[in-house]
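We will walk through it one selection at a time.

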Amino acid sequence: MAFRKFLPLFDRVLVERFTAETVTKGGIMLPEKAQSKVLQAKVVAVGPGSVNQKGNLMPVSVTVGESVLLPEYGGTKISLDNKDYFLFRDGDILGKYVE
């Protein structure tokens with residue numbers, strides 16, 4: 001529960017990327033170079049939001065536990081308790097998955 005020790009500020013969102021597929025459906029092992037970058041992640045912590053020019057708090061558009069789609073590049077890598085997380089701005093997140 002490393003993310004309980006870390007609270008993002010403003011409109012930042014802390015996410016944990018899903019793991020890359022290492023084996024195909026046919027059972028073939030994929031080398032690390034052939035694995036594509038995972039663009040899906042789970043939100044583990046969110047900041048309170050940002051303040052607009054009028055001084056009103058604009059809440060973050062995602063909540064903890066949601067699955068989101070990330071851009072291919074960007075984000076800040078953070079290691080907490082030997083586990084990698086990424087910090088993105090709310091506006092950088094491309095979308096969220098709805099079930």
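**Stop one: a charged pair**

Start by selecting Asp 84, which is partly exposed, with a relative accessible area of 37%. On this scale, buried means under 20% relative accessible area, exposed means over 50%, and partly exposed is in between (1.4 Å probe, protein chains only). The term stands for a side-chain nitrogen of Lys or Arg within 4 Å of a carboxyl oxygen of Asp or Glu. By this rule the structure has 5 salt bridges.

**Before going on**

You are looking at a predicted model, where local features need pLDDT of at least 70, side-chain atom pairs count only at pLDDT 80 or more, and totals for chains, interfaces and linings use all residues. Residues are numbered from 1 along each chain as its sequence is written, and side-chain values use heavy atoms, with hydrogens and water left out.

The chain averages 81, and 83% of the residues score at least 70. Among the elements of the chain, strand β5 has the highest mean pLDDT (91), while strand β3 (residues 50-51) has the lowest (86).

**Stop two: a salt-bridge network**

Which residues are linked to Asp 11 in a network of salt bridges? Select Arg 12 and Arg 89 together with Asp 11 to see the network. Asp 11 counts as buried, at 15% relative accessibility. Its side chain meets that of Arg 12 in a salt bridge (3.6 Å, N to O), and Arg 12 is partly exposed, with a relative accessible area of 24%.

The side chain of Asp 11 also meets that of Arg 89 in a salt bridge (3.3 Å, N to O). This pair links distant parts of the chain: Asp 11 is in the segment before β1 and Arg 89 in strand β7 (residues 83-89), 78 residues apart. Arg 89 counts as partly exposed, at 40% relative accessibility.

**Stop three: the sheet**

Switch to a cartoon view. Strands here are DSSP runs (E, at least two residues), numbered from the N terminus, and two of them pair if DSSP finds at least two bridges between them. An open sheet of 6 strands has the order β6-β7-β1-β2-β5-β8, with antiparallel pairing. Its edge strands, β6 (76-80) and β8 (95-96), each pair on one side only.

Zoom in on β2 (residues 40-46), which is joined to the antiparallel strand β1 (residues 12-17) by 5 bridges. β2 also pairs with β5 (residues 67-69) in the antiparallel sense, over 3 bridges. Select Lys 42 in β2, the bridge partner of Glu 16. Lys 42 also has a bridge partner in β5, namely Ser 67. Ala 41 has its own partner in β5, Val 68.

**Last stop: a charge over a ring**

Finish with Arg 17 and Phe 86: Arg 17 lies over the face of Phe 86, at 4.6 Å from the ring centre. A charge sits over a ring if NZ of Lys or CZ of Arg is within 6 Å of the ring centre and within 35 degrees of the ring normal.

Notes
Helix = DSSP H or I, 4+ residues; strand = E, 2+ residues; numbered from the N terminus. pLDDT = per-residue confidence, 0-100.
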